[in-house]
Each structure stands twice: as structure tokens, then as C-alpha cells.
Amino acid sequence: MDRRDFYLLAALIACLRLDSAIAQELIYTIREELPENVPIGNIPKDLNISHINAATGTSASLVYRLVSKAGDAPLVKVSSTTGEIFTTSNRVDREKLCAGASYAEENECFFELEVVILPNDFFRLIKIKIIVKDTNDNAPMFPSPVINISIPENTLINSRFPIPSATDPDTGFNGVQHYELLNGQSVFGLDIVETPEGEKWPQLIVQQNLDREQKDTYVMKIKVEDGGTPQKSSTAILQVTVSDVNDNRPVFKESQVEVHIPENAPVGTSVIQLHATDADIGSNAEIRYIFGAQVAPATKRFFALNNTTGLITVQRSLDREETAIHKVTVLASDGSSTPARATVTINVTDVNDNPPNIDLRYIISPINGTVYLSEKDPINTKIALITVSDKDTDVNGKVICFIEREVPFHLKAVYDNQYLLETSSLLDYEGTKEFSFKIVASDSGKPSLNQTALVRVKLEDENDNPPIFSQPVIELSVSENNRRGLYLTTISATDEDSGKNADIVYQLGPNASFFDLDRKTGVLTASRVFDREEQERFIFTVTARDNGTPPLQSQAAVIVTVLDENDNSPKFTHNHFQFFVSENLPKYSTVGVITVTDADAGENKAVTLSILNDNENFVLDPYSGVIKSNVSFDREQQSSYTFDVKAVDGGQPPRSSTAKVTINVMDVNDNSPVVIYPPSNTSFKLVPLSAIPGSVVAEVFAVDIDTGMNAELKYTIVSGNNKGLFRIDPVTGNITLEEKPTPNDVGLHRLVVNISDLGYPKSLHTLVLVFLYVNDTAGNASYIYDLIRRTMETPLDRNIGDSSQPYQNEDYLTIMIAIVAGAMVVIVVIFVTVLVRCRHASRFKAAQRSKQGAEWMSPNQENKQNKKKKRKKRKSPKSSLLNFVTIEESKPDDAVHEPINGTISLPAELEEQSIGRFDWGTAPPTTFKPNSPDLAKHYKSASPQSAFHLKPDTPVSVKKHHVIQELPLDNTFVGGCDTLSKRASTSSDHFSASECSSQGGFKTKGPLHTRQVNEHFYWSISTAYKCPINQY
């Protein structure tokens, strides 16, 4: 199968698959010569086309467009909005429109046109056939105004002679209908013979005998009329010549002959040779062949007739497409009046000598031969209606149509010889702006003939491409401290569109107040002076917008990095750095960190630190700012260090700054509280029965040579107050009565007071014994001293307030036990002993009054009739002591001084005392700024110190601080403070220490020992005393 056969098959398949939905036909009938604007038809009404969109239910605006060929003068016009068809100023002339055609029916003269319905969604192609009916606008005419006929004189009556027929371009009833002979002189008559083809041939009838010698010529008129309204007619002169007699006429062998000759027959080709015979002889038998009068002049131009031989030959090139059938009437005459007639039908057979014809009629009107399409036009946009034809017939006239090359267009068959040129894909102006292609029509002859039609299509740009930046992210850098208007860069974007759609304007986005942008050129400049320290980077957007409708735009990000210059000096976070370190901090320890910043960047912010005016007491890391000690701290030797630090950056030129640094040495809790009052562990306080609740019966006062919270003290009674008779103020140390004493309370009470500081990391403790003697008087001091000495045998967690009575009754118990051994002896010894001690007590009291004045606290008698208040019982500590007190007597030089050695085991709850401990976890030791007074600096002592010592029994590991401090009989304070005076026996205030200088220090003349033990203590009482002992 060759290419021609392939296209033929494709065309046949396309014809079989014509879309009836888009191809429809209408037939209208009009008369010729109608005036302008005469309505012919209504397309939507006649085809029942709805203007309502079935999918959406909305009214659609349809456009009706007549498909016409460029340069044609249309015979009809179509309203683009209503679809109505009207006549135009160009008159429809049926005779001109169908000139040269032979029609068998009167309605065979027509013309065709095509109308398309747009838009593309409603596209339809309407093929309209308009039949032109004849109007009697032409009069019938004879071939010649003078008709000559020769009739022999011996012609018989009623003989008939043909008269050349008249012709009328009109058809049907408007054609030749009637002949009439005028002025026939009764010699001739007229008869009409109608041929099978419907032609009317007039014949002259001889009605009388002729005699040439009497009259050889007759002149008449013949009139022809048509059947139109109004009727039209014409006349011709009919001249009859009477000739001599020849009584046999020629006879053709065949009166009807049909021949076929190819249209490409060369000139001179014989078509047919006619042969006629004549019964006459001689000159009357000589036959002459001529064309009949009805032979058209055009036919006579194509064929030649030999008058003698009757041979018809081709004398001019034939064209079947011009005239396919030629009818030739040949007359054979022997000179008589009645020639023989033969009709020859010459059929010109087709030869593939005509290439196909392409009739290109544009739906979209071209401009200077070029169709302009928008690139946004949809697929299947109709461009033109193409009608292909071939004047040849049969296979030679079968035409296929196709586009020569690959373009975004295709041909869609709507009829067997008509195609729609449509877009086959979306158009892209930026891809191809112009198309020039050929439409090829090829017939099926052998060889095949082709015809081409050139189509030029130019695309109109639509704004379908936004501007595109060459870089989506534009990065650039600029040094700070620039000048205003500094050129930075040129921002550029391209647009693939053309014209105004490619005209780009630039615009800055938000956050670009430091920049200016030229809208046309895209030149970016700095509108302000940059300061990298304020803002190191600017990120903003630039919009490129074209001038299309609607405008399209795109954005690019611009990142401007500001480069640093050394325009900032290093800056310390503090002008004065203060650090706090513990006095026990080891050498080369970190004491602080200097922080310094530089707002610049890079080498400009690389800061180096150095110490300016230090005597190598500290080492400073020049990069990290870490300060380490080069000395061991001793708060007592130096409490603070001050020096200057210099910071220099790495810029060119370098910049620098200085700051002051102070290192404060803080105290460490390494000293236990020191008891100032009571003055001695052997002293006691008299509590008269008349004392009222709330009154101060004794004071405990201690100091801590540490500072801050390490010197804050808390007082607690941990043993000896199981009856709840006494209460101690945790802050002041004042011991007051909770309840009024009763006779059952008479006796010696020993209170174990725990004094603890609030130091960090551990609180240190000191225990002190406070003896209170409840009685109206204390006349027998020796007895009280003896009771104090005997309490050493009582564990600290046991209350001796109730044991004084057993001590008093012990001798009675002994008498009762040893009554057999000599109870009376014991009674005498006891009596003598008591008597001796009472005398010593009286002497001792008198000496004290003369030396010190009034007694510190004198017992007061109260009305014994006062009601005793009911006291609440308090539970004593449940824990028991591990050991008891053992007293070993020694023999001093002076018999009066009796040293007492005892071992005291602390109760378990005393080992766990943590009352009043400060929460040091919330405050760092290097930043705590002490502000508590150093109470140790406020006191001095001027009295001798007792020799009361606490000694460990055996070496043990230190776990807790349990200190029972030896208290001297009298304390002496030295330094810048005044001597503290003791208060009167009735006073309940502390001693006044407000006048003490902070520069003073606590001093003792004798040895002052404090021991930290876990379980056992030795008490060594070596104080020399004479009876009676002092009350404190």
C-alpha cells in the first residue's frame, strides 16, 4: 500500500465516522433577482438549536459565522447573533450562476455555503444548500434575426421544414413555450414538435402548392413566447426561398450515434465518421455534411466536420471538466430542401489531468493572509473550513487531504470533501511564535496529482509567563559605615512573553527600608548607613511584575550581609566585678570569671584579657577570663583584693577597655559557739517560790567568732526540763518560768542547754549546764554545792530536779538499812557535818556582799497563801544514757579544793541536734555576702578563768560536734569594748553589748578548751573554791 492509498483509506474512514452532532444540513429555496435583506431562513429555529447550556442551565451566547473565501462577494449574509440568513446587495442571477450547465430539472440550479456556530463548546458546522428558482427575466431569442429557408417548388402540401429553435436562458415554464407565424399569407403554417428532452422545435408547414416561377420568395415573421409572468417574446424575419426540385433526400445509416473520446485526445483525433446515402444520381446525389443550426458555437470550436467525408475530428483540446458531453447535430444535404439529420453524442471520458482543488475559507478572518490566534485558545479551536474537489471523476476524482508536516493543527472531516482546520494541542507563543504549513490535497489517479494550500498562523502573546529571576536567592555583602546611595547590585528577571507582557517593573518587599530599588533597571542601592552591631543581616524580597493583563509576578529573596569593621571597644558585663571566696580555698583555685563582649565580629571581637596592677596574687586566663588564685586566702590577714583588668580586641587599630575586680574573702564555719554566760559550770541560780511565770530566772549567752550565718546562734533546752517548768528563748537565751513553782519543785534543777550556730556546711554545737535551785533561800551553799557535785553522777538526759529529794533522803535510807550497824552514829556524823557547812556558808555570803555589793539575784519571799497553778506534765526524753558519772576524788594540797573527775556519756538525741540549721543549699558560698555581726568581737573578760575542762576518754573518730564547754567562774573581755557589768539579782535583761567595737576580739586569760567527741566526755573540775560557792 503506497502513501496515496493510505491517505485514501484514511479519508474513507473519516467519512464513515463523521460527527453528526457538528455537521448538519439545511436546504432553502429562493427566487433569483431578490432585493437586499430579504430573509431566507433562521438557522437556530430551523435546526432547533437551544441557547441554554444543558450542563449549567445558563444562557449561552452563540456566534454564527459565515465561512467565506477571501475576496468572494457573498450572495447571502448571516446574522452573527440570531443566525438569520438574508440576501445581500449582490443579486442572485440564476442564468449567470448556472451558466453552461445542462439541467434536466428546473430546481437543479443551486449554490452551497457553510456556517459555523461558535464558541468551541457549542461548535457546529451547518452546510446550507440554496436552490435558486428561475424568474422570467430573459426573453426567448432566435439564433439569428433573419432566418432563411429554401423550399423546393414541388413540395407537397403539409410538408414540414424545420425552423431554427429559439433559446431562453430561463427554464421551465419561463422558457420557450409558444411559436407564432405572422403574415403567413395562408401559404405557410406553423407546427411545434416537442422532443423527448422537452425541447420545442418549430416546423414550417406548406399549406399551398408553390410555383417558383410565380413567386420565388416569401417574407414573414416568426414570433416566440415564453410562459413567464409577465410574458416575454421576440421575433425574427423568416425568408422562404422556393427552389428547384430534387425529390430524394440523403438518408443516414444511424440517426442517433454515441461515441466516447478521452479528454486528452490530441488535436486531429477522429471522433466518428458519419455516412449518408442518396437515391438520386448525379449532382442530386452529391451529399454535403454540415452542422445543424442547433449545434452550439462552443461545440463547433472543439470539433471539425469534413463536409465531404462526414468525418468529425478534434480541432481543439478537450476538457471534460468544462464540457463532459457534446451533442452535435449533423445535416446531410444533397442540395434538396430536406436534408437528412443525425445526432451525435460525444462523451468526453475523464483523464487524470486535473489536480485537486483546495477551497480554503477562513472561520477566523485572516489579516493579509495570516490568521492570528491567541496562545490561550483552547484545543479544537476552528480556524478554517477546507473544501477539496477534483474535476476529474471516479478514482481520479477521489481526493484525500492532510497537513504536510507536524504542527499543532489537524484536519477534521465533516463531509466527504470538507474538513475543519483545528488546533490539536495547546499553543505556546514562547515555544513557536509563527506557523507556516501546507495543506495537501491528493487524488487517487495514476499518477496522482497534488495540490497544496499555504496556511500562515501567527500566535498572539498572552501573559501566561511570570517574570523569572536568574537566581531565586540573591546573596551579597556590604561593609558597615557605608555611604548612602551605595550601589549594591542589579537585580534582573526575564519574561518569556513579549511586548508589554514582557515589560518588567521591580518592587521591594517588606523589611527593606534600608534599601532603594529602581523600578525599571533593578539597580539596588543602600538608602541608609549600615551598622552591623544593630543588624548583621537583612533578608527581604524583591517582586518582579510584568505589565500584562492580569499582571503576573514572582519573587526572589535577597540576603544582604553587613561586614564588620572594628568600630566597637570591648565591653565588660560589669564595670566592677565582685567575687566571694572561702578563706579555706586552696591555692590555684578558680575564684571567678571575667565576662567581656565585643559587638564586632571575627578578629575584631577576639578579646585578650590582662591584669594591670596586681602583685601576682592572681592569674588571669587571657581568653576564657578565668581568674585563679596564686595565694592561700586568710580572711584574718586580708579580707579583700582589688585590681584592674584590661580587655584588648584584635582589630586594626585595636580597641580596649578596663574594669575593676574585687575578690572578697568569706568566712568558713570552723568555730563552735563560746559560752559567755553563765560564767561557770559550778554556778547556780536561785529561783524563789515566789517567782512569777514569765520572769527571767537565768540567762545563757554565747558568741561565735565566725561571721554571718556562721555566727547566728540558737538556744535549746535538750534535757532537765521534763516538768516543763522552764523555757529558754531560742534567740536571746533567756530562761524564764513557764509555771509558778510549787513546793514539789523545791530542789536543784539541772538544765542541759544546746547552743548551735547556723553555719555551713554543718552546724556546730556547744552544750552548757545551767543549775537552778528552787527554794525561798539559799542559805546553805555547801549543801547546794554538794548537790551540784553529786549531779555529775546523773546522766545528762535524766532530770535531777526530782533526784534532789532522794539525795536528801539517802542518809535516811542508809540509817534504815544499817540500823543494826549503828544508825545513831551516822545521824551524829551528819548533824555535825551540816552544822560546819552552814557556818562556812554564812561567812562566804558576808564576804561576797562586801566585795561585790548586792547579790546578783536575791531570793524573794512570796505569800505562801497564793494558790499554786496546776502544771502540765511533760514527757522526759525516752533515750537513756550509756554511762553514768563516776567520781574519783583526789587529794589536793589544799584540803578544801577537791577535784572531781567524771565521765559523762551524751544521750543519743544530743548527738543528732541540728536545730536552727541554715539551708546553705540555696546560697552559693562565693556569692554570699555576710552581714551578721561578729559577736565574738564585742566581749572581753577581766576575771580569772576556771579550770573546768572537758577531756576525751579515748581517741574516737569525729562525726558530730557535741561540745560541753568549760565555763570560768568569771569572764574577762579585753579589746575595744567596755567591761560588761553584771546585773542585779532581780534583773532579767541581757548585758548590754551595743557599745562594743567591731574591731575587738574575744580573749581568755586561761586555757579554753572545746572538744568534739562522739560518745564519752571526762569532766575535770579543778577549780579551787571555798564554801559557800557563788551564785551567778
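**A tour of the aromatic contacts**

Start by selecting F514, F515, F530, F538 and F540: together they make up one aromatic cluster. The model is predicted. Keep that in mind as you go.

Before zooming in, take the wider count. Across the whole structure, a search turns up 17 aromatic pairs. Two of them are stops on this tour.

Select F252 and Y289 next. Their rings form a tilted pair, with 6.0 Å centre to centre and 50° between the planes. Now colour by secondary structure. F252 belongs to strand β15 (residues 251–252), while Y289 belongs to strand β19 (residues 288–291). The two are 37 residues apart, so this pair links distant parts of the chain.

F515 lies in strand β37 (residues 515–517). F530 sits in the loop between β38 (523–526) and β39 (537–546). Here 15 residues separate the partners, and the pair again links distant parts of the chain.

Is F515 buried or exposed? Its relative accessible area is 3%, so F515 is buried. F530 has 1% relative accessibility and therefore counts as buried.

Finish with lysines over rings. Select K382 and F123: the charged end of K382 sits over the F123 ring, 4.0 Å from its centre. Then select K433 and Y429. K433 lies over the face of Y429, 5.1 Å from the ring centre.

Definitions and conventions. Residues numbered from 1 in each chain as written. Predicted model: local features only at pLDDT ≥ 70, side-chain atom pairs only at ≥ 80, totals over all residues. Heavy atoms only, no water. Phe/Tyr/Trp six-rings, centres within 6.5 Å; stacked < 30°, edge-to-face > 60°. Helix = DSSP H or I, 4+ residues; strand = E, 2+ residues; numbered from the N terminus. Buried < 20%, exposed > 50% of the residue type's maximum accessible area, 1.4 Å probe, protein only. Lys NZ or Arg CZ within 6 Å of the ring centre and 35° of its normal.
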